[in-house]
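Thanks for coming. I will go through one structure this morning, starting with a local contact question and ending with the core. Please look at the sequence and the model on the screen.

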Amino acid sequence: MTRKNGEFITRNHGESSQIVYAIKSLTSGRIYIGQTKNIDSRLRDHNAGHVKSTKKGKPWALYAFQKMESRKEAMHMEWKLKNSKVFRSRWVEENAISEP
């Protein structure tokens, strides 16, 4: 995944690949975990207020992400991240992005 004009571009990951992501509210500092095929589109949805659980806290910024091979694998990782603060903290540290 690379950045181009401020957006993350996925490169030929195949049909079934998914991305597990963490976004952070720039107003409250809250972190939200999710999974998607298209991180740019999903982040726009969060910032446009189209996602009920992130409607408050806008704007959101991508904080960490990890490519997964399948939706099943991504859903399992998302569940683990949402149910273990220790696992989530370690995962965010290992998968955090750095802004250019």
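By contact I mean heavy atoms within 4.5 Å. One caution before I use that: the model is predicted.

Take Asp45, which is found in helix 1, residues 39–48. Leaving aside its neighbours within four places in sequence, what is Asp45 in contact with? With that exclusion, the contacts of Asp45 are His50 and Val51. Is Asp45 buried, partly exposed or exposed? Buried means under 20% relative accessible area and exposed means over 50%. Asp45 has a relative accessible area of 27%, so it counts as partly exposed. For Asp45 and Lys55, 10 residues apart along the chain, the C-alpha atoms are separated by 9.5 Å.

Next, the backbone. The peptide bond from Lys58 to Pro59 is cis, with omega near 0°. Pro59 sits in the loop between helix 1 and strand 5.

Now the core. The largest nonpolar core has 11 residues, among them Val20, Ala22, Ile33, Met68, Phe87 and Trp91. Two or more residues come from each of strand 3 (18–25), strand 5 (60–68), helix 2 (71–83) and helix 3 (85–95). Apart from that core lies another, of eight residues, including Ile19, Ile23, Tyr32 and Trp60.

Which residues does Ala22 touch, leaving aside its neighbours within four places in sequence? Ala22 is in contact with Ile31, Tyr32, Ile33, Ala61, Leu62, Tyr63, Ala64, Trp91 and Val92. As background, nonpolar side chains in soluble globular proteins tend to be buried together.

That is what I have.

Definitions and conventions:
Residues numbered from 1 in each chain as written. Predicted model: local features only at pLDDT ≥ 70, side-chain atom pairs only at ≥ 80, totals over all residues. Heavy atoms only, no water. Core = buried A, V, L, I, M, F, W, Y, C linked by side-chain atoms within 4.5 Å. Buried < 20%, exposed > 50% of the residue type's maximum accessible area, 1.4 Å probe, protein only. Helix = DSSP H or I, 4+ residues; strand = E, 2+ residues; numbered from the N terminus.
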